[in-house]
Structures are given as C-alpha cells and as structure tokens.
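Dear colleague,

I am handing over the structure below, and would be grateful if you could look through it alongside these notes. My remarks on what was found in it come after it.

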Amino acid sequence: VCGSCLILILAAMMVRSLQRVLSDDLGFDYEQSVTLQPALGRYGYTGADAIAYWRAVQDRVLQHPETAAVTLALAPPLGGRIQENSFEDVPGLEVVSNRISRSFFEVMSIPLVAGRTFTAGDDVATTVIVSRILATEMFGTLDVVGRGFPRSKPVATIVGVAGDAHSIRLGSVRSWELYPPLVQNDYPQAVMIAPARADARA
C-alpha cells in the first residue's frame, strides 16, 4: 500500500511539473499535431527506400482536408532521439542536434530571425542552421549567416538563425538546438509531424 501511494504521489508531481513546462512559451507550436514514427529501419528500409516511402506518405497525408502541412525530423517534438554536442567555443552550453527537412520551421512555427531555411541546392553534409542563443553565445552576434560552424573548427556553413525553441529537451535553460538537414541515412529513423488546419481544431 505504501509503495502504491508513493507511486501515485510521484506521478502527481511529474504531471504538475509537465503542466508547468507546457504552460511556458517553448518557442514552437506543438498543439493539434500528429506524429508518425514507423521506425522503418526495423523493417529493412534503406535510405533510398525510406525516402520513397516518406514521399508517398506525405503526399497521401497532405490530401486529407484537415492537414495543414507536413515535415520530417529525426526527433519528434517533446522528446525522442537526443543527440547532444559540446563545443569548445561555448563551454557549459548543451547543444541538442535535430536533423530536419526544409519545411520544419514553418510547420513548427519557429521563426527564422536571420538567413533562410535549407534549399535543394544545399550540401546536406556541410550546411547548418543555429538557434539564436547558440549564435550569440558562440559568435557574440546574430550576424553569422555565411560563417563557419563551429567558430574555432568549422566543418559546416551557417545558412540561417532560428528562434530559440525547446522542442526536444523541455524546460532546459542551458540546452539549445542545432539544426543540420536530414541526410539519406537518416530517413529510416525519421518521424513525420503533421499539424491540423486551424479551422479543424475546434
């Protein structure tokens, strides 16, 4: 009995904590969105096969009248696959990387405060979008479009700066997001995010 009571108390505390976090402005829109996570890699899909699968699924989902848009990412909002990075240029700052498709920022209502999103002509291996905090902490400015990332040992070029969001690690004050584009080998593990149209959310 005591053990059951303890579990209930802990569960209630976790629910209240989650409610407080979700009541804050997380920097992105997650309400009324559906996430599809088929784990294609478990079923033998390769990168090319997974890309074809996602194209077909996105076309089908977009045909539904209540669907506003679709996008792909390696980590779904509010959790999922977490890839942490640390950089000498920003000691103490946790950088969470989420590989995304070009429509991610529009679908998640994350503003671009400088530069642009990815385009078909970008080299997916050497292109990146950084969050506002990451730009200012690493470079001391938002004027970073076209600069190498990371600052001291660049391996990619920054094409855009996104508004700050906590779409993966909720409530963290020292964890900020980095957005490389999806590469072919990511698609078997990718997830699809599809928000409903505003007039369908009643």
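In which sense do strand 7 and strand 8 pair, and over how many bridges? Strand 7 (residues 148-149) pairs with strand 8 in the antiparallel sense, over two bridges, where two strands pair if DSSP finds at least two bridges between them, and where strands (E, at least two residues) and helices (H or I, at least four residues) are DSSP runs numbered from the N terminus.

Before going further, please note that this is a predicted model, in which local features need pLDDT of at least 70 and side-chain atom pairs count only at pLDDT 80 or more, while totals for chains, interfaces and linings use all residues. Residues are numbered from 1 along each chain as its sequence is written, and side-chain values use heavy atoms, with hydrogens and water left out.

To return to strand 8, G148 stands opposite T157, and a hairpin of six residues joins strand 7 to strand 8. Strand 8 also pairs with strand 6 in the parallel sense over five bridges, with V128 opposite I158, and with strand 5 (residues 112-115) in the antiparallel sense over three bridges, where A114 has V161 as its bridge partner. Six of the seven residues of strand 8 are buried, that is, under 20% relative accessible area, whereas exposed means over 50% and partly exposed in between (1.4 Å probe, protein chains only).

The largest nonpolar core has 19 residues, of which V130, L134, F149 and L178 touch the most other members; such a core is a set of buried Ala, Val, Leu, Ile, Met, Phe, Trp, Tyr and Cys residues joined through side-chain atoms within 4.5 Å. Strand 6 (127-131), helix 4 (132-139), strand 8 (156-162) and strand 9 (175-179) each give two or more residues to this core, and helix 4 supplies the largest share, five residues. Leaving out residues up to four places away in sequence, F149 touches F87, V128, L134 and I158, among others, contact meaning heavy atoms within 4.5 Å.

Helix 2 (residues 47-62) is a separate topic. Its buried residues are G47, A50, I51, W54, V57 and Q58, and these fall within an arc of 135° seen down the helix axis, so they line one face of the helix, the arc being that of the directions from the helix axis to the C-beta atoms. On the other side of helix 2, R55 and R60 are exposed. The cover over the buried residues of helix 2 includes strand 1 (33-36), strand 2 (71-73) and strand 10 (191-195).

With best wishes
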